[in-house]
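Here is a short briefing on side-chain packing.

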Amino acid sequence: MATFQKVKLGGVITKIIGGGTPSKSNSDYWNGSLPWASVKDLSDNKYYLDSTQDSITEDGLKNSASNLIKKDTVILPTRMGLGRVVKTRIDTTINQDLKAIIPNEKINNDFLLWSLVNSGQTLRSLGNGSTVSGIRLEELKNIEIDLPDFPTQTRIASVLSAYDDLIENNEKRIKVLEEMAQLLYTEWFVKFTVPAEVLTKAGISGGKVKMVESKTEYGKIPEGWEVKKFGEVASIVRGCSYS
């Protein structure tokens, strides 16, 4: 059984790198080739950063406090969105609300990620009652984590990362299936392009949908269908607010 010791975050990192925001009034600084991460790019229960909503130019980077963070770096917010932690999968610049955590030789980088994810409640509690400046760096460095020997760190991080990869892949599959279902619905029940073999199995002779005029704004609809108002086919139950 591996022995765990409590250590402060400041004892297992080399530095914490902050960021900044180029002037919004200078269009030459924006929509460039450099991804620019902010808190809105981080989500609960998502532990990897693959893309950002905004981007900046080289001039934007040079003329601001932003920093270019290499991929595979752990970053977290210290003002809004506290408790979210991700590892970058791309080189990205960051704004002033994010901090990049650079580990030293005592801690596995993936173990650092999962340790900080596990410290999410602590990170959120540090923001309670704080000013707009958010968590101070000294508070961040004083967060305690449980640290085993390096080989054990690597094994633990590998298991957790494998499970998260499995979850991520399954979520992608679910999204694809949902998109396929939506496309199928649109083709069959909006465009009415139902495959002939499906219609034949349903007992529709000739494998074709006969379209007739609906005499409504919807134009032609399948024979036997009707255009109804929502209130004719469903009831609406309202809620209320108590004093």
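The charged end of K24 sits over the ring of W30, 4.2 Å from its centre. A charge counts as over a ring if NZ of Lys or CZ of Arg is within 6 Å of the ring centre and within 35 degrees of the ring normal. The model is predicted: local features need pLDDT of at least 70, side-chain atom pairs count only at pLDDT 80 or more, and totals for chains, interfaces and linings use all residues. Residues are numbered from 1 along each chain as its sequence is written, and side-chain values use heavy atoms, with hydrogens and water left out.

**Rings**

- R89 lies over the face of Y48, 4.0 Å from the ring centre.
- There are six aromatic pairs. Rings of Phe, Tyr and Trp (its six-membered ring) pair if their centres lie within 6.5 Å; planes under 30 degrees apart count as stacked, over 60 as edge-to-face and the rest as tilted.
- W30 and W36 are edge-to-face because their ring centres are 5.0 Å apart and their planes stand at 85°.
- Both W30 and W36 are buried. Buried means under 20% relative accessible area, exposed over 50%, and partly exposed in between (1.4 Å probe, protein chains only).
- W188 and F189 also pair edge-to-face, at 6.3 Å centre to centre and 70° between the planes.
- W188 is partly exposed at 23%. F189 is partly exposed too, at 38%.
- One aromatic cluster is formed by Y185, W188, F189, F192 and W225.

**Nonpolar cores**

- The largest nonpolar core holds 25 residues, and V12, I101, L116 and L140 have the most contacts inside it. Such a core is a set of buried Ala, Val, Leu, Ile, Met, Phe, Trp, Tyr and Cys residues joined through side-chain atoms within 4.5 Å.
- Elements that each supply at least two residues of this core include β2 (13–17) and α2 (109–118). Helices (H or I, at least four residues) and strands (E, at least two) are DSSP runs, numbered from the N terminus.
- The largest share, five residues, comes from α2.
- A second, separate core of eleven residues includes V39, L49, I69 and V86.

**Two single residues**

- T88 lies in strand β8 (residues 86–88). Its relative accessibility is 0%, so T88 counts as buried.
- Beyond neighbours within four places in sequence, T88 is in contact with L49, K70, K71, D72, T73 and I75. Contact means heavy atoms within 4.5 Å.
- G127 is in the loop between α3 (120–126) and α4 (137–141). G127 is buried, at 18%.
- Not counting residues up to four places away in sequence, G127 touches L82 and I135.
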